[in-house]
Amino acid sequence: MNQEMKEHVKAALRSGVRLDGRKLEEFRPITIETGMISTAEGSARVKFGEAEVLAGLKMAVERPYPDQPDSGTLMVNAELLPMSSPEFESGPPSMDSIETSRVIDRGIRESKAMDTKVLCIEKGEKVWSMAVDVVPINYGGNLIDMGGLAAIAAIKSAFYPLLLEDGTVDYHQKTKQKVKMSAHPIPVTICKIGDLLFVDPTDEEEKAVEARLTVTSIDEDKICSLQKGGDSPLTVEDFEKMIDLALKKAKEIRKILDGVK
Amino acid sequence: MGELLAKEKEVVVPGQVLAKGMDFLPSHGTYRLGEEVIVNRLGVLSVEGKVLKTTPLAGRYIPKNDDIVIGKIFDILMSGWRLDIESAYSAMLPLKDASFDYIAKGSDLSKYFALDDYVVLKIVNVTSQNLVDVSAKGQGLRKLRGGRIIRVNSAKVPRIIGKKGSMVSLIKEATDCKIVVGQNGLVWLQGSPEMEVLAVKAIKMIEDLAHKQGLTQQVSDFLKGEKK
Amino acid sequence: MTFKRPSKRKNDEPRKIEAEVGVIKKADGSARFKIGDTEALAAVYGPRELHPRFLQDPKKGILRCSYSMMPFSGDGSRVRPGPSRRSKEISLVSEKALIPVLDLSDYPNTVVDVFIELPQTDAGSRCAGICAASMALADAGLVMKDMVAAISVGMVRDTLVVDLDGDEEHLDDNEAADIPIAMIPSTKEITLLQMDGIVSKKNLKKAIELVIPVLADIAQAQRNALLNRYNR
């Protein structure tokens with residue numbers, strides 16, 4: 001985006017009316033659906049307006065890491081599918097997709113919401129490994145927030161597959177055993193252009209963003225991961241305002257998630 | 001006698017049989033297979049006597065001489081600029097057609113047009129090799145400063161512009177926005193933030209309903225309703 | 001002994017089909033095709049300039065398909081992201097299945113990219129992918145003489161059945177023979193044909209006969225999806 005057009009985005013923000021008509025602290029309408037992917041142990045479709053992502057959880061039985069013989073594993077991965085935007089290219093994961101994956105992964109991992117000890121089947125021998133994959137279907141910016149929410153909703157909706165006596169898994173038979181989480185870590189990214197802070201950037205707004213901070217929280221007082229992005233620095237005052245705004249927004253989103261099975 | 005199986009103004013799709021018998025003749029968007037005339041491009045059917053043709057409903061922009069388009073600079077060469085015009089092929093803006101000023105060889109071309117700048121252009125030549133030459137010299141042709149760009153299906157541009165520009169004038173008057181509609185489906189807008197949002201909504205509405213009748217009234221009602 | 005299908009379908013009955021176009025907003029054309037629990041999404045980008053230059057064809061645009069299963073879409077454990085030998089082969093045969101209907105002669109030196117993604121699969125994924133891709137190409141406004149419809153037909157316990165599902169594929173230790181077919185309905189020309197398993201010459205001919213009317217129905221479902229975008 002050229003400088004004059006960035007100025008135009010900034011002027012719109014300053015007037016309090018964004019390019020799509022939203023206010024600065026307003027998310028697009030959020031919808032969460034779960035359990036639509038028959039082949040996944042847990043799945044979710046999250047839409048922010050027209051932007052859409054899918055997340056699916058697959059589980060498998062694996063040998064634990066030698067240094068953590070009684071812990072299962074959890075991993076989150078995001079792929080920027082070339083299907084979802086002309087700006088994504090085929091080939092090895094881009095820096096953006098790696099950052100997105102890692103920020104979502106860290107938010108969930110560090111929240112300790114998923115007790116990996118529960119995933120142990122036989123100490124030193126067999127543990128459950130959980131892999132959550134996040135893919136945009138209709139890319140529309142703010143992939144960390146959308147993907148993070150979808151990943152949590154997918155885990156929340158999941159049931160263990162049937163573990164057979166020989167230690168293999170029958171994926172065609174789901175048990176009634178739910179995957180348990182003690183909390184719902186929600187990432188909220190606050191963007192900054194000039195001295196203006198706003199949430200839920202579209203892909204167009206993202207091109208003009210100068211700095212951003214992703215705050216993942218499990219409740220109004222507990223923050224479990226941070227990621228500062230963008231080329232510009234943040235002042236300490238910015239940082240404080242961003243944390244407050246992120247926690248306020250996370251609370252609203254958590255309420256929507258609580259209404260989902 | 002041949003039999004016509006679809007109606008004028010109907011949306012038709014590839015593989016659809018339009019007519020049986022040898023009386024009907026295929027044209028744009030249709031072809032003959034044995035006794036039948038079949039559609040080979042998504043479009044709206046028009047029946048002109050015995051000739052069956054379609055007007056496309058989708059597809060990337062195909063450059064034509066004298067079209068006014070909006071292009072985005074993606075490369076600066078010694079001899080001029082290359083622009084993305086939302087077509088299968090990029091366009092070339094040579095030095096001599098860039099400005100009424102004399103541009104000396106070797107001068108800093110980004111002073112005229114820099115990367116990521118949007119420019120209103122006229123298509124001056126499309127060669128058989130699909131090389132597209134454009135000019136930025138002429139009435140209304142210029143670099144677009146500020147504002148925003150939205151993308152619409154280029155097949156719907158004639159409806160957005162309207163008869164003699166009536167539709168786009170309606171939106172300009174109602175919203176007080178400056179609007180440039182490129183034949184290639186890029187639309188530039190500049191106005192107050194609220195009014196830009198309204199203008200974009202109106203344009204998207206025309207894009208969605210382009211194949212329907214009575215659109216001008218609907219857009220006019222929409223703009224009146226939203227402004228209240 | 002006659003074979004009863006686990007799903008209680010008739011032998012020439014495909015699973016329930018859902019089809020729609022315009023599902024991916026940023027694409028030039030897009031579609032979703034779901035048959036039973038197998039679902040394919042396809043997005044078309046182009047025609048657009050093709051680089052590097054040596055890949056270009058100066059006479060016409062080229063078609064480039066990319067088939068990919070989403071990591072959670074397999075009926076077993078996670079599918080690793082990125083191309084595999086299997087996905088590359090399917091990309092190739094999908095391309096060959098679609099090229100015969102397309103006329104890209106107006107677009108020399110360009111490429112039309114088709115990305116096929118499967119959110120979930122239960123057998124027949126390459127056929128679902130081809131169906132979705134064909135709808136997406138039509139939605140993109142490209143010149144094509146017909147849709148390409150695809151489905152599998154197979155031999156399960158000496159019985160010919162259309163559109164094998166996962167349960168049928170896995171019967172008796174994956175003994176079933178599976179024949180994915182794609183066809184141009186107006187000319188009845190075959191554009192994809194593969195097989196694994198053992199089938200007699202006579203049964204092979206019967207299999208093709210069995211599947212032709214089903215493919216005509218699928219093509220109609222594809223066309224209806226395109227019409228629905230404009231006629232609602």
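Predicted model: local features only at pLDDT ≥ 70, side-chain atom pairs only at ≥ 80, totals over all residues.
**View 1. Buried and exposed residues of helix α2 of chain B.** Helix α2 of chain B spans residues 166–175, and its buried residues are B:Met167, B:Val168, B:Ile171 and B:Thr175. These residues lie on the same side of α2(B), because the arc that they cover around the axis is only 95°. On the other side of α2(B), the residues B:Ser166 and B:Glu173 are exposed.

**View 2. Surroundings and end of α2(B).** Within chain B, the elements against which the buried residues of α2(B) pack are α1 (157–161), β16 (178–181), α3 (193–208) and α4 (215–227). Just after α2(B) comes B:Asp176, which takes a positive phi of about 60°.

**View 3. The contact between chains A and C.** Here 27 residues of chain A are in contact with 24 residues of chain C. On the side of chain A that touches chain C, β3 (51–62) and β6 (126–138) of chain A each supply at least two residues. Sorted by class, this side of chain A has 14 nonpolar residues, together with 9 polar and 4 charged ones.

**View 4. The contact between chains B and C.** In this view, 22 residues of chain B are in contact with 27 residues of chain C. The side of chain B that touches chain C has, by class, 13 nonpolar, 7 polar and 2 charged residues.

Conventions:
Residues numbered from 1 in each chain as written. Chains lettered and ligands numbered in written order. Contact = placed C-beta atoms within 7 Å. Nonpolar A, V, L, I, M, F, W, Y, C, P; charged D, E, K, R; others polar. Buried ≥ 20, exposed ≤ 12 C-beta atoms within 10 Å, placed from the backbone. Helix = DSSP H or I, 4+ residues; strand = E, 2+ residues; numbered from the N terminus. Arc of directions from axis to C-beta.
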